[in-house]
Amino acid sequence: MSTPVDAEQAWTDLQRIRVTRERVYDEVERGASGGPGSAYLTAALMWLFLAGQGLEPPLWGSLLALAGYLALLGALGVCEHRRSRMRLHHSRYDGRSLVMLLGGATVTAATVVLSGRLVEPLAPLTAGLIQATVSAGVFLLFLGPATRWSVRALRTRGAGGAVREEAVR
């Protein structure tokens, strides 16, 4: 009544059917940044905010613009989080993710301050446009490599685990 099972063939079939780790890590890397659309939208929001600040609005206008900017960034973050296909456990985000976040904030803030100081002698409208363009450009240039660097840790940790599993067998 029972059919003999070839263990080697069963193991080969199981490996063929299972989703390989490499595909999972590829998907994580693709979905890590939320695609180029979210990066461009974030840079556009930053550009609008900084260009508006270049017009030197009164204090209440600056605070209102800051509140609107933060609200729009928060809404964008919530939308991207809900849209992501891959949900990782929070422990998968390690020190590299924190370093990327702090490094990006530092580089962007330093660019805003430095470009603001360099364009002070210009007219407010021109200075605001130059500062906004330079800051948004630096943000976009930093974002791509930094995201790839921080997500690469997932692949190396996962590959190390796969190597250890194969060594045990």
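**Note on an all-helix model**

1. Read from one end of the sequence to the other, the protein chain follows the pattern α-α-α-α-α-α. In total there are 6 helices and 0 strands. This is a predicted model, and the points below should be read with that in mind.

2. Begin with the chain as a whole. It has 169 residues, and 25% of them are buried. The protein chain exposes about 11,900 Å², and carbon and sulfur atoms supply 68% of that area. Take the contacts between residues at least 6 apart in sequence: 82% of these join residues at least 24 apart.

3. Next, the interior. In soluble globular proteins, nonpolar side chains tend to be buried together. In this model, the largest nonpolar core has 11 residues. They are A43, L45, M46, F49, L50, A51, Y69, V112, A132, A136 and F139. Two helices, α3 (35–53) and α6 (124–168), each supply at least two residues of this core. The largest share comes from α3, with 6 residues.

4. L59, L63, L66 and L70 make a nonpolar surface patch of about 400 Å². One of these residues, L66, is found in helix α4, which covers residues 59–83. Is L66 partly exposed or buried? L66 counts as partly exposed because its relative accessibility is 34%, while buried would mean under 20%.

5. Last, the charged side chains. How many salt bridges does the structure hold? The count is 1. The side chains of R117 and E120 meet in this salt bridge, at 4.0 Å from N to O. Both partners can be checked for exposure, where the cut-off for exposed is over 50% relative accessible area. R117 has a relative accessible area of 58%, so R117 is exposed. E120 has a relative accessible area of 55%, so E120 is exposed too.

Note on methods:
Residues are numbered from 1 along each chain as its sequence is written. This is a predicted model: local features need pLDDT of at least 70, side-chain atom pairs count only at pLDDT 80 or more; totals for chains, interfaces and linings use all residues. Side-chain values use heavy atoms; hydrogens and water are left out. A nonpolar core is a set of buried Ala, Val, Leu, Ile, Met, Phe, Trp, Tyr and Cys residues joined through side-chain atoms within 4.5 Å. Buried means under 20% relative accessible area, exposed over 50%, partly exposed in between (1.4 Å probe, protein chains only). Helices (H or I, at least four residues) and strands (E, at least two) are DSSP runs, numbered from the N terminus. Patches are made of residues with over 30% relative accessible area and no salt bridge: like charges are joined within 9 Å, nonpolar side chains (Val, Leu, Ile, Met, Phe, Trp, Tyr) within 5 Å. Accessible areas come from the Shrake-Rupley method with a 1.4 Å probe; for residues, only the protein chains shown count as cover. Contact means heavy atoms within 4.5 Å.
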